[in-house]
Amino acid sequence: IETPAPSSLKFWGWSLAGIAGCAVVFRLFSNQTHFLGDGIQILYNLQHGVVTNMFWNVPAEWLQASTFDLIGGESEAQAKLAIQLIAYASGIGVILALLWSARRLGLGLLDSWVFCGTVVSGGIGMFFFGYIETYPPFIVAVTVTCLLGVLAAHGIISPWWAAAGCVLAIVLHLFAITLVPAVLYLIA
């Protein structure tokens, strides 16, 4: 016996409560930030206004610099906070995209959150706990592109939306060119 899907108001009300819970978890774990990869260099570059030497980092570093300027733009602590705020916002953006997609696929509240938890716990969640890197916005764009591709494959939306997501992902990092064959398949 199938249970009826909750109303949109109930779905998004409970989902906003879940997102608030995730935001609290993100904040609690922010002091456990690990500097992997180029994190220390990115933090230094942001604080001192050093321009990147990798063209694919320009959009993400522009976003970091804009956020850094918005919150004062002076200390190392503010530079770290700017990067962490982008990571937190990216995490919330991924959760919203997953829940919206699950809703469009006709999933109920519990199934939507199971879907969301499964995707986020598959490794991408670490990018949203204040990770000091340029990847969180890129991960959002890749996730959105994949979700739009799933919706397009089910005939719910036009495949051109997945193409737009793919272009955004490519702008944020060169690695996103790996999405092009799948998007071309959807369009063809």
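**Aromatic pair.** I count rings of Phe, Tyr and Trp (its six-membered ring) as a pair if their centres lie within 6.5 Å; planes under 30 degrees apart are stacked, over 60 edge-to-face, and the rest tilted. With that rule, I find one aromatic pair in the structure. Phenylalanine 11 and tryptophan 12 form it, edge-to-face, with 5.0 Å centre to centre and 85° between the planes.

**Ground rules.** I am working on a predicted model, where local features need pLDDT of at least 70, side-chain atom pairs count only at pLDDT 80 or more, and totals for chains, interfaces and linings use all residues. Residues are numbered from 1 along each chain as its sequence is written, and side-chain values use heavy atoms, with hydrogens and water left out.

**Around phenylalanine 11.** I looked up accessibility next (buried is under 20% relative accessible area, exposed over 50%, partly exposed in between; 1.4 Å probe, protein chains only). Phenylalanine 11 has 0% relative accessibility and therefore counts as buried. Tryptophan 12 is at 24%, so I log it as partly exposed. I also checked for a charge over a ring (NZ of Lys or CZ of Arg within 6 Å of the ring centre and within 35 degrees of the ring normal). The charged end of arginine 103 sits over the ring of phenylalanine 11, 4.6 Å from its centre.

**H4 against H6.** Helices here are DSSP runs (H or I, at least four residues), numbered from the N terminus. I took axes as lines fitted to C-alpha atoms over the stretch in contact, with angles from 0 to 180 degrees between N-to-C directions. Helix H4 (residues 76-104) and helix H6 (residues 135-153) pack at about 5°, axes 9 Å apart. H4 and H6 are therefore roughly parallel (angles under 35 degrees). Contact means heavy atoms within 4.5 Å. H4 contributes residues including Ile86, Val94 and Trp100, and H6 residues including Pro136, Val144 and Leu151. By class, I get 13 nonpolar, three polar and one charged residues.

**Two loops.** What does tryptophan 56 touch, not counting residues up to four places away in sequence? I find Val171, Leu172, His173 and Leu174. Tryptophan 56 lies in the loop between helix H2 (39-48) and helix H3 (58-70). Its relative accessible area is 26%, so it is partly exposed. Leucine 174 is in the loop between helix H7 (159-172) and helix H8 (180-187). Leucine 174 and phenylalanine 55 are 119 residues apart along the chain, and their C-alpha atoms are separated by 9.0 Å.

Notes: Parallel < 35°, antiparallel > 145°, perpendicular 65-115°, else oblique. Nonpolar A, V, L, I, M, F, W, Y, C, P; charged D, E, K, R; others polar.
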